[in-house]
Amino acid sequence: MSFQDIRLEDKQQAYAELREVKGLFAERGWFAGTSGNLSVRVGEFRPEQFAFAVTASGKDKSVHTPSDYLLVDQQGKPIEATGLKPSAETLIHCEIYRKTGAGAIFHVHTVFNNLVSELFWERGSVPVDGVELIKAFNIWEEDAQIDIPILPNYADIPRIAELVDGAIQPRIPGILLRKHGIYAWGANAFEAKRHLEAFEFLFEYVYRWEPLKK
């Protein structure tokens with residue numbers, strides 16, 4: 001694949017998917033300020049070369065404009081002439097795509113994902129035990145227990161990106177950054193959305209249950 005092979009209709013489809021999910025998450029208040037970023041892979045995947053559409057940096061995600069998204073390569077650099085800039089956190093998307101071959105990655109900052117990241121920081125992961133919504137990750141055993149990994153939130157984004165490979169667990173489609181937010185991914189936009197919604201439910205459940213069980 002070369003970037004010249006990316007079809008216009010595939011790019012437009014990716015932008016349409018981003019617009020839809022951006023609007024939905026904005027209605028839920030998941031993009032405080034201009035926080036968060038969303039991406040959808042465009043075209044086939046090869047670890048050495050791939051492309052994805054990503055939300056542009058500094059945009060108000062509660063509104064829609066013609067300049068909300070741009071197309072970047074496997075290093076997070078624009079592959080078309082544009083005045084838009086991808087978020088510095090695009091490097092984290094690059095590493096998740098490279099490691100997982102995912103089709104979409106969604107990142108949001110919420111109060112509950114920040115709280116649980118701090119609550120379980122010393123443990124290094126958020127434990128979830130026997131909650132039904134674990135099944136959203138295609139984990140079907142009865143009373144399943146999972147641990148959602150937490151990474152440090154360095155100001156130097158490349159330092160975080162370097163840790164992504166070692167943090168990813170095959171059956172957990174997400175990584176939490178301490179006092180920052182969740183990155184959730186899936187084979188496509190629908191699956192990534194399902195995973196993100198499940199993570200947010202589980203984070204709130206764990207935070208509310210923790211003081212009750214003592």
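Q: Why does Leu-176 count as buried?
A: In this predicted model, the relative accessibility of Leu-176 is 0%. Buried means under 20%. The value falls below that cut-off, so Leu-176 counts as buried.

Q: Where is Leu-176 found, and what is it in contact with?
A: Leu-176 is found in strand β7. Contact means heavy atoms within 4.5 Å. Leaving aside neighbours within four places in sequence, the contacts of Leu-176 include Asn-113, Val-116, Val-126, Ile-150, Ile-182 and Phe-203.

Q: What makes β6 and β7 a pair?
A: Two strands pair if DSSP finds at least two bridges between them. Strand β6 (residues 145-151) and strand β7 (residues 174-177) have two bridges, in the parallel sense. The count meets the cut-off, so the strands pair.

Q: Which residue of β7 is the bridge partner of Ile-150?
A: Leu-176 is the bridge partner. The C-alpha atoms of Leu-176 and Ile-150 are separated by 4.7 Å. Along the chain, these residues are 26 residues apart.

Q: What makes α4 a helix that packs on the sheet, and which strands does it touch?
A: Helix α4 (residues 157-167) touches β6 and β7. Its direction makes about 160 degrees with that of β6. Angles run from 0 to 180 degrees between N-to-C directions.

Q: Which way do the residues of β7 point, and are they buried or exposed?
A: Gly-174 and Leu-176 point one way, and Ile-175 and Leu-177 the other way. All are buried. In a regular strand, side chains alternate between the two faces of the sheet.

Q: Why does Ile-148 count as buried?
A: Ile-148 is found in strand β6. Its relative accessibility is 0%.

Q: How far apart are Ile-148 and Leu-176, and what is Ile-148 in contact with?
A: Ile-148 and Leu-176 are 7.2 Å apart, C-alpha to C-alpha. In sequence they are 28 residues apart. Beyond four places in sequence, the contacts of Ile-148 include Val-126, Val-128, Ile-172, Gly-174, Phe-199 and Phe-203.

Q: What is the strand order of the open sheet, and which are the edge strands?
A: The open sheet has eight strands, in the order β3-β2-β1-β4-β8-β7-β6-β5, with mixed pairing. The edge strands are β3 (69-73) and β5 (125-129), because each pairs on one side only. The twist averages 20 degrees from one strand to the next.

Q: Why is Thr-55 called buried?
A: The relative accessible area of Thr-55 is 3%. Buried means under 20%, so Thr-55 is buried. Thr-55 is found in strand β2 (residues 49-55).

Conventions: Residues numbered from 1 in each chain as written. Predicted model: local features only at pLDDT ≥ 70, side-chain atom pairs only at ≥ 80, totals over all residues. Heavy atoms only, no water. Helix = DSSP H or I, 4+ residues; strand = E, 2+ residues; numbered from the N terminus. Buried < 20%, exposed > 50% of the residue type's maximum accessible area, 1.4 Å probe, protein only.
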